[in-house]
Amino acid sequence: MTSQPLIQIAPEAPTGLVPSRRAGMPPRHLADLDLPERQAAVAELGEPAFRARQISTHYFGRLVRDPARMTDLPAAARDRIATELLPHLLTPVREVACDGGATRKALWRLHDGSLVESVLMGYPDRVTVCISSQAGCGMACPFCATGQAGLTRNLSTAEIVDQAVHLAGVAASGAVVGSPPRLSHVVFMGMGEPLANYARVVAAVRRLTAPAPEGLGLSQRHITVSTVGLVPAMRRLADEGLSVTLALSLHAPDDELRDELVPVNQRWKVAEVLDAAWHYAERTGRRVSIEYAMIRDVNDQPWRADLLGRLLAGRLTHVNLIPLNPTPGSRWDASPKPVEREFVRRLRAAGVSTTVRDTRGREIDGACGQLAAAEVTG
Ligand code: SAH
């Protein structure tokens, strides 16, 4: 492989009490801040500190995002707070449902015109949202729709959190047929590479998991952060003291093929990325998910299943095979079911826990790798 890495990484904002604004970033929002920071922010507006808890209870506890509905706030305070702490971040462009109402995809326009998507998926025992961490993605995986368009920018913490809060509100309204009304799981498997927007994604995880009213009160174990394998960031995440699930998009057990399917492999090889995964498992006690898109005649050969089995045997891990969802114009297709079954059989024979991911949202382009908002603008 001679190709150069095509990876784009947006510069990180300097860390500080109040996140600084960069070109394209939205104004500050309540969900960018932890509770003490919110208290400081309302004090700066000349409001009593308890207002921080009051608006937090509306936003995280009752899922009320519209300041006009926060009627227990005096009108003048409401206006000041709305402007300074509850700016409008996501404008719904389109919401579509499929799977009999159990899957809903939302397309949002951000303040600078960028488009991102989220997916709400209802199951009999849980409700999951799949959220975006960047507008576009710089990782350039050739089978992924988002990867084709390149990176526009990082999302702010609040832009990430607000996707989940909005869709938690949709679930709470009883819109997800046959599922509990309470959002329980969040997966960072929408647009973007979460670990390339590290600080904001970790802050978003903290907001999602802090007990109400500081946050949404989800269990850390019900949050999954998926990565192409940015090794230093994986190691840093292992030291955050969080118990979130890490998913690693491996897609090939050998460097020759992975260099092509996941170009960041040209920088961090299979052995290194798996080492970082096992380090994460050791530090957190959490089983690492290995994501593997099944691509016909590309990565689905029996010998690759056996090699993968040897790499993973005896580790704290679980393999999620994802039937490839072909992107428009792609030369690739999903593996035939018998090939998929043989791949599963070989992994299990090696002692590796393996399942095949369901393909929710396919008919609304809401399935894995199909979140390419630019195509929906028409
Ligand atoms: N950047 C993160 C999150 C991306 S999406 C990551 O790469 O892990 C979540 C998963 O969907 C990743 O495993 C990604 O490789 C996979 N995916 C992307 N496009 C796909 C497609 N067309 N078919 C099946 N899976 C796909």
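The dialogue below goes from the chain as a whole to its core, to one residue and then to the ligand.

Guide: A word on the basis first: this is a predicted model, in which local features need pLDDT of at least 70 and side-chain atom pairs count only at pLDDT 80 or more, whereas totals for chains, interfaces and linings use all residues. Residues are numbered from 1 along each chain as its sequence is written, and side-chain values use heavy atoms, with hydrogens and water left out.

Visitor: Which residues have the most contacts inside the largest nonpolar core?

Guide: A nonpolar core is a set of buried Ala, Val, Leu, Ile, Met, Phe, Trp, Tyr and Cys residues joined through side-chain atoms within 4.5 Å. The largest one here has 105 residues, and those with the most contacts inside it are Leu183, Val186, Phe188, Leu208, Leu230 and Leu261. Helix 5 (residues 157-172) gives the largest share of this core, 9 residues. Apart from it lies another core, of 5 residues, including Met121 and Val187.

Visitor: Is Ser133 buried or exposed?

Guide: Ser133 sits in the loop between strand 4 (127-130) and strand 5 (134-136), yet Ser133 counts as buried because its relative accessible area is 1%. With contact taken as heavy atoms within 4.5 Å, and neighbours within four places in sequence left aside, Ser133 touches residues including Phe188, Gly192, Glu193 and Pro194.

Visitor: What surrounds the ligand?

Guide: A residue is near a molecule if one of its heavy atoms lies within 4 Å of it. By that rule 20 residues surround the ligand, the closest being Phe143, Ser226, Ser249, His251 and Asn325. Strand 8 (223-227) and strand 11 (317-323) each supply at least two residues of this shell.

Visitor: Which polar atom of Ser249 lies 2.5 Å from an oxygen atom of the ligand?

Guide: It is a polar side-chain atom of Ser249. A nitrogen atom of the ligand is also 3.1 Å from an N or O atom in the side chain of Glu193, while a ligand oxygen atom is 3.3 Å from a polar backbone atom of Thr227.

How values were computed: Buried < 20%, exposed > 50% of the residue type's maximum accessible area, 1.4 Å probe, protein only. Helix = DSSP H or I, 4+ residues; strand = E, 2+ residues; numbered from the N terminus. Polar contact = N/O pair within 3.5 Å; in protein donor to acceptor, adjacent residues only side chain to side chain.
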